[in-house]
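Dear colleague,

Please find below the structure that I am handing over to you.

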Amino acid sequence: MTQATSRPQLAFLNDALDDLRARGTHFRLRILDDQQAPVCHYDGREVINLASNNYLGLANHPKLIEAAIDATRTFGVGSGAVRTIAGTMRIHMDLEEKIARFKNVEACVVFQSGFAANAGTVSAILGKDDFILSDELNHASIIDGARLSRAKIKVFRHKDVDHCEELLKEVANEAGHKLVITDGVFSMDGDIGRVDKLAALAEKYGAIMMVDDAHASGVLGRNGRGSIDHFGMHGRVDVQVGTLSKAIGALGGYVCGSRDLIDFLYHRARPFLFSTSHPPSVAATCIAAFDMLEQEPDRIERLWANTRYLQGELKRAGFNIGGVNTPATETPITPVIVGEGRAAMDFSRALFDEGVMGTGIAFPTVPEGKARIRLIVTSEHTRAQLDRALETLERVARRMSILSVS
Ligand SMILES: *Cc1c(COP(=O)(O)O)cnc(C)c1O
């Protein structure tokens with residue numbers, strides 16, 4: 001029999017949930033009934049899907065599906081062990097070599113997720129006598145990695161290079177290593193990190209430079225090579241993290257850098273040492289995805305064309321898509337700022353009922369008063385689908401007084 005209520009030991013969790021309910025920010029998971037596609041079914045309702053990170057439509061691409069099935073038939077469904085015991089398969093090495101060549105670096109190591117790559121790497125390379133200089137809007141996995149490392153964390157204001165330099169000066173005479181770290185693309189506002197300026201600053205102060213390119217992988221730079229390529233900073237970023245879970249369409253994260261960095265992570269990164277490696281199907285899928293990036297760059301062009309169209313039309317309709325009191329998007333990530341948390345969540349729910357899926361995001365993920373829905377187009381959305389979504393957004397927003405009634 002399923003227990004309906006918590007035992008007293010966990011009653012405090014109910015209080016916390018009640019608090020979320022009172023604020024209107026409690027949610028239930030939406031359940032996808034079919035494939036992660038531009039039009040799909042969540043909770044049995046057909047929606048235009050503007051909520052996924054499936055930027056290039058690779059999550060359900062026939063070639064990648066074939067690659068996964070072939071690898072499964074040949075190599076089985078699981079790797080059987082962590083990488084350092086018995087779970088390093090030839091196909092894992094093939095993927096790492098492929099990514100290293102693609103990114104124009106000496107070596108690459110793949111982790112189970114982008115989260116594991118960030119948290120595992122930061123916590124492995126730094127210790128308690130070291131310093132981390134981190135953008136205030138960096139991803140949670142960087143923050144967790146920083147905490148696990150026990151290094152001293154200095155947070156600089158969002159993309160404020162001068163503030164970062166002030167903090168570097170403060171610790172310039174300390175013995176510990178210094179790490180400057182930024183997201184390549186910030187996930188809530190869609191703006192691009194100051195990778196060029198920060199890397200130059202890191203060089204000036206002898207600090208390690210690290211970039212988390214989760215939302216830039218497959219999106220920015222030539223053939224989706226990321227923010228380092230976008231800024232022409234090859235060879236000047238020591239640690240490049242990317243994800244295989246967003247534009248690449250499958251699951252995983254990777255770290256690119258020198259042979260020594262990767263060799264060190266083999267020996268010290270805890271998710272690498274203590275958690276089982278990917279099934280061969282995942283590695284095969286990712287190899288096929290990098291082939292696509294190399295061979296079909298028109299996908300990336302379609303992604304950007306759709307981005308320009310959606311963002312242009314939203315602005316024309318009078319939506320606040322950031323850039324006033326919030327950073328301005330420069331990528332397919334499109335915030336539609338609503339303000340109050342409850343209003344953003346209500347807007348998201350109303351859109352869903354009318355057939356548009358856009359994620360509601362409230363405090364603490366974004367600052368109080370900056371709650372929003374976040375829209376992400378893919379290369380595979382048609383103009384007709386975007387027009388239908390735009391019409392719905394405008395109609396629902398007027399009804400809810402998010403846009404003034406014209
Ligand atoms: C999504 C994301 C991650 C985590 O990547 P996963 O592969 O989903 O674990 C890390 N950093 C940033 C900036 C992200 O947006």
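Asp-43 sits in the loop that joins strand S1 (39-42) to strand S2 (45-49); strands here are DSSP runs of E with at least two residues, helices are runs of H or I with at least four, and both are numbered from the N terminus. The phi angle of Asp-43 is near 50°, which is a positive value in a residue other than glycine.

Please note that this is a predicted model, in which local features need pLDDT of at least 70 and side-chain atom pairs count only at pLDDT 80 or more, while totals for chains, interfaces and linings use all residues. Residues are numbered from 1 along each chain as its sequence is written, and side-chain values use heavy atoms, with hydrogens and water left out.

The peptide bond from Phe-363 to Pro-364 is cis, and its omega is near 10°.

I turn next to the ligand.

Which atoms of Ser-245 and the ligand lie 2.5 Å apart? They are an N or O atom in the side chain of Ser-245 and an oxygen atom of the ligand. A polar side-chain atom of Thr-243 lies 2.6 Å from a ligand oxygen atom, and a backbone N or O atom of Phe-115 is 2.9 Å from an oxygen atom of the ligand. On its own the ligand has 380 Å² of accessible area (Shrake-Rupley method, 1.4 Å probe), and the protein covers 87% of this.

Finally, helix H13 (residues 341-353) passes helix H14 (residues 383-399), and their axes come within 10 Å.

A colleague

Terms used. A polar contact is a pair of N or O atoms within 3.5 Å; within protein, one must be able to donate a hydrogen and the other to accept it, and residues adjacent in sequence count only if both atoms are side-chain atoms. Axes are lines fitted to C-alpha atoms, for helices over the stretch in contact, and angles run from 0 to 180 degrees between N-to-C directions.
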